[in-house]
Structure formats: structure tokens, C-alpha cells
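Student: Could we go through this model together, setting each value against the definition behind it?

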Amino acid sequence: KFAIFNGEIIERSEAKVDVEDRGYQFGDGVYEVIRVYNGKMFTLKEHLDRFVRSSDSIGITLPYTSEHLTEMLGELIIKNKLHVGIIYMQITRGIAPRNHAFPTGNVVPNLVAYTKELTRPLESLKTGVKTILTEDIRWLRCDIKSLNLLGNILAKQKASEAGCFEAIQHRGNEVTEGSSSNIYIVKNGVLITHESNHFILKGISKDVILQACSQNGIPHEERTFSLEELEQADEVFLSSTTTEVMPIVEMDGNQVSGGAIGPITKKLQELFNQEIE
Ligand code: PDD
């Protein structure tokens, strides 16, 4: 298999970075996960826009234009014969002697991208997944898709140890997002999800879902909602690039919507399917 490494497509096994890469030492970089369906990148422009936004917000200048990246990623998919899967792409500030402050002088960012085969989670999309609730202990710029994922990792590990698929995070009484997904509730036919501010990542799947709501007359609100609202919701689901519209059937051992998939969740799954076809 091949990888993009600083502008070139090389053997993945040849792609290596120095121990003083700032991504390795500080998590000083940002990333994207892009879905590939039928050999085509889904919502690529949105992912590249967010990649630029994330980079800009930590002062890393992307060494390539989005057009150039699009070309390289397209070539990578072909070389790796990827049909259904993901592209993982990250950029770090580069290699420099360890010092918290940004390096001065000519430090070039390191950009890496590679592909992974990953089928759609068709079984879970039908049955739904179990979740736990956990306090959101992350920093206050969750809108940046940072390589620093310790808070997210600890939350996911907690879920994993409880035999669950995802951890739903909350800051005090306010539900924010999953460890690697956005969270939605449905109450009396209205879909509610956290507004896209610095407390959550503005998911691309979230945009696709909200747009589908607008176009199909599904009432929706972007606002914070409480733990009580979560517990009393008619339907709960999560979304991400890898999991699509994923029903939640259990939270902390308590059944959601009688353990079945609710009608709005189902409708949004259908609309999402139409988008990716
Ligand atoms: N994670 N919130 C967080 C914290 C995430 O890590 C992700 C995605 C999302 C959903 O964003 P999107 O719909 O653009 O995938 C929300 C990716 C898939 C990951 O880290 O693997």
C-alpha cells in the first residue's frame, strides 16, 4: 500500500518521521478522516475546508492548495485500489528541537495521508449501539480537529471497558458530543443537537444530516440540551464519517426508545443513504 508523504506518493512502509516531530511530541497538528464510497471521496470539499480551518487556527500553513490535495488524494485511492474505506490525513508543525513555543526559522510541516479499507457498519446501523455517559474533560477548542485526543481516548476507553460502542460526553448538565461523534436527540418530532461552537467538532456528517432535515421538513434545533432531555428523549443517535446515522439503543444500561430504532432516526438513515449513493 501507498501513502502521501510530504507531497509524494511512496510506499507506506517508507513513510517515517523523526522523534522530534512536534506531532509526536506535543500532538501539535490536526487531522481529517474522509469516507470513500465506491472509490469516491464523500463530502471531500467540506473535509478539506475544515482541514484548512483547523490548520489556520493553530498557525500551521498548509503547504498545498485544496486543489492539489484533491488531486493527490484521488491518485492515492487509485494506487491503493480503495473501494470502500477511509482516508486518514494529518499535518504537524514539523520537526524541531523540543520547545513548547513554535519553532522559529525554516520548519516545514509534515503531511501524511494513507487509506484503510473499512466497510459500512451495516449490522450496527440496523440494531443500534450501546453507550455510556461521561464528564467531558477536554479543552475548550474542541472545534479544532486536533491530534491531541487524550480526553476523547479516555472517554472511548471507558465505553469500551463497559462493553459499549461510544461515550456520550457532558459538561456538567450540558450534553456536548461523543468521543468521536456528534450526538442528537429527538423529542416530540423535533431533532436537537448541540450548536457548532468551540465545545464540539462541527461534524461534516452533522451538516449532511441537518441539510437533509431542512430539505425534508424535519424540524430541528441547534442548541445545547441537558442530561434530563437526553434521558427523556424519544430517540437518540450519533453521527460520524465512519458510523453515519447510528442509532443509540442504550445509555448507562437504560434502554432508549424501547431498544428499537425511532422513526426519525430511520428516516435520516434513508436520507443519508441517498446522499452517498
Ligand atoms: N471523528 N466529534 C468528534 C470529537 C469527532 O472525532 C468526530 C469524527 C465527529 C464527527 O465528525 P465527522 O462527521 O466530520 O466525521 C464529531 C473521526 C471520524 C475520527 O476521529 O476518527
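**Strand 15 and its neighbours**

Tutor: Let us begin at a turn: in the hairpin that strand 15 and strand 16 form, with two residues between the strands, aspartate 252 takes a positive phi near 50 degrees. This is a predicted model, in which local features need pLDDT of at least 70 and side-chain atom pairs count only at pLDDT 80 or more, while totals for chains, interfaces and linings use all residues. Residues are numbered from 1 along each chain as its sequence is written.

Student: Which sense does strand 15 adopt with strand 14, and which with strand 7?

Tutor: With strand 14 (residues 235–240) the pairing is antiparallel, over four bridges, and serine 240 stands opposite glutamate 244 in strand 15; these two strands form a hairpin with three residues between them. With strand 7 (residues 129–135) the pairing is parallel, over three bridges, and there lysine 130 has glutamate 250 of strand 15 as its bridge partner.

Student: Why is strand 15 called largely enclosed?

Tutor: A residue is buried if 20 or more other C-beta atoms lie within 10 Å of its own, exposed if 12 or fewer, and partly exposed in between, with C-beta atoms placed from the backbone. Seven of the eight residues of strand 15 (residues 244–251) are buried, so the strand is largely enclosed by the rest of the structure.

Student: How do you know that glutamine 269 is partly exposed?

Tutor: Glutamine 269, found in helix 8 (residues 263–276), has 19 C-beta neighbours inside 10 Å and therefore counts as partly exposed. Leaving aside its neighbours within four places in sequence, glutamine 269 is in contact (C-beta atoms, placed from the backbone, within 7 Å) with Leu125 and Val245.

Student: How do you know that the span of helix 2 agrees with what its residue count predicts?

Tutor: The expected span is 1.5 Å times one less than the number of residues. For the 14 residues of helix 2 this should give 20 Å, and the end C-alpha atoms are 20 Å apart, which agrees.

Student: What makes the buried residues of helix 2 line one face?

Tutor: The buried residues are Leu44, His47, Leu48, Arg50, Phe51, Ser54 and Ser55. Seen down the axis of helix 2, they fall within an arc of 160 degrees, so they line one face of the helix; the arc is that of the directions from the helix axis to the C-beta atoms. These buried residues pack against strand 3, strand 4, helix 3, strand 5 and helix 6 (204–215). Just after helix 2, glycine 59 takes a positive phi of about 75 degrees.

Student: Which residues of helix 3 are buried, and which are exposed?

Tutor: Leu69, Leu73, Leu76 and Ile77 are buried in helix 3. Its buried residues fall within an arc of 100 degrees when seen down the axis, so they too line one face. On the other side of helix 3, Glu67, His68, Glu71 and Ile78 are exposed. Helix 3 is followed by lysine 81, whose phi is positive, near 50 degrees.

**Sheet and domains**

Student: What makes strand 2 and strand 4 edge strands?

Tutor: An open sheet of six strands has the order 2-1-6-5-3-4, with antiparallel pairing. Strand 2 (8–11) and strand 4 (40–41) are its edge strands, since each pairs on one side only. Strand 1 (residues 2–5) pairs with strand 2 in the antiparallel sense over four bridges, and alanine 3 has isoleucine 10 of strand 2 as its bridge partner.

Student: Where do the domain bounds lie, and how many residues does each domain bring to the contact?

Tutor: The domain assignment, which is automatic or taken from a database, gives domain 1 (2–117) and domain 2 (122–276). The contact takes 20 residues from domain 1 and eleven residues from domain 2. Strand 3 gives the most to the side of domain 1 that touches domain 2, with eight residues.

Notes. Contact = placed C-beta atoms within 7 Å. Pairing = 2+ DSSP bridges.
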